[in-house]
Amino acid sequence: AHSDKARLFAEVSAHLAPFVDDRIASPGDDLISFLVKSEVDGAPISREKLHGMAVLVLLAGLDTVANSFGFIAGFLAQNPEHRRWLRENLDKVPQAVEEMLRRFPVVANGTARMCVEDVRLGDAPVRAGDLILATPTMMNFDDRLYPDPLKVDFNRKLPNVASFGRGPHRCVGAGLARTELGIFLEEWLPRIPEFRTSQEEPPMPEPGVTISYDRLILEWPVD
């Protein structure tokens, strides 16, 4: 429930506060200490913003990676040819992870911008003062970069995947997320080679700022 999420966010925020204060008082060699010692426009980062960054870094890697686990597992459960090929080619896991991140980006929001002058984008007029919300991950479905973009192709050449954002807004945890997803597949596939989604409780996708499965039940044979 939304109320539960708000409560959990508040608990995480309260839990991290003393760690932030400790690093401000006595910096070490960790990420929070790096931020403490950093400057923006020649000034140190305020305690409030340091705390907010720490909360964001912790929470951002929880729902997004978990949701990516869901879509990757759900796809492989429903596509036995892809699953069996990957199980026989575990050295291709990083490439397969990248392709599934391209096909199933879970962060749907973008960065809001205000238009400063009247302009046309294709057939759409955008007037000064209008707010627009661009979704960078839509470039993952640009057929000029990725022919037949809705198809999952583990041998596809991937020039630029936008699932982690671009430029200054690029996800700081992209490397960790890729590693976690790769380890999941390397450990899961040899142990549970055949699995499918539940016939009684089919997957229930849920839209939002991050796209997720409200429910994903996997089944596999047990000797």
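## A buried phenylalanine and its partner

Let's start with one residue in this predicted model: Phe-104 has a relative accessible area of 17%, so it counts as buried. The cut-off for that label is under 20%. Phe-71 is buried too, at 11% relative accessibility.

A search of the whole structure turns up 8 aromatic pairs. One of them is formed by Phe-71 and Phe-104, which are stacked, with 6.1 Å from centre to centre and 10° between the planes. Phe-71 belongs to helix α3 (residues 47-78), while Phe-104 sits in the loop between α5 (93-103) and β3 (111-114), so this pair ties together parts that are 33 residues apart in sequence.

Because Trp-85 lies in helix α4 (residues 80-88) and Phe-154 in the loop between β6 (131-134) and α6 (174-191), the pair ties together parts that are 69 residues apart in sequence.

## A ring cluster and two charges

Ring pairs also join Phe-69, Phe-184, Trp-188, Phe-195 and Trp-220 into a cluster. Phe-195 has a charged neighbour as well: the charged end of Arg-83 sits over its ring, 5.1 Å from the centre.

## Where α3 meets α4

Helices α3 and α4 pack at an angle of about 105°, with their axes 5 Å apart. That angle makes α3 roughly perpendicular to α4, because 65 to 115 degrees is the range for that label.

Which residues make the contact? From α3 come Phe-75, Leu-76, Ala-77 and Gln-78, and they meet Pro-80, His-82, Arg-83 and Leu-86 in α4.

## Cysteines

How many disulfides does the model contain? The count comes to 0, where a disulfide would need a pair of cysteine sulfur atoms within 2.5 Å.

Cys-115 is buried, at 15% relative accessibility, and Cys-171 is partly exposed, at 36%.

Conventions
Residues are numbered from 1 along each chain as its sequence is written. This is a predicted model: local features need pLDDT of at least 70, side-chain atom pairs count only at pLDDT 80 or more; totals for chains, interfaces and linings use all residues. Side-chain values use heavy atoms; hydrogens and water are left out. Rings of Phe, Tyr and Trp (its six-membered ring) pair if their centres lie within 6.5 Å; planes under 30 degrees apart count as stacked, over 60 as edge-to-face and the rest as tilted. Helices (H or I, at least four residues) and strands (E, at least two) are DSSP runs, numbered from the N terminus. Buried means under 20% relative accessible area, exposed over 50%, partly exposed in between (1.4 Å probe, protein chains only). A charge sits over a ring if NZ of Lys or CZ of Arg is within 6 Å of the ring centre and within 35 degrees of the ring normal. Axes are lines fitted to C-alpha atoms, for helices over the stretch in contact, and angles run from 0 to 180 degrees between N-to-C directions. Angles under 35 degrees count as roughly parallel, over 145 as roughly antiparallel, 65 to 115 as roughly perpendicular and the rest as oblique. Contact means heavy atoms within 4.5 Å.
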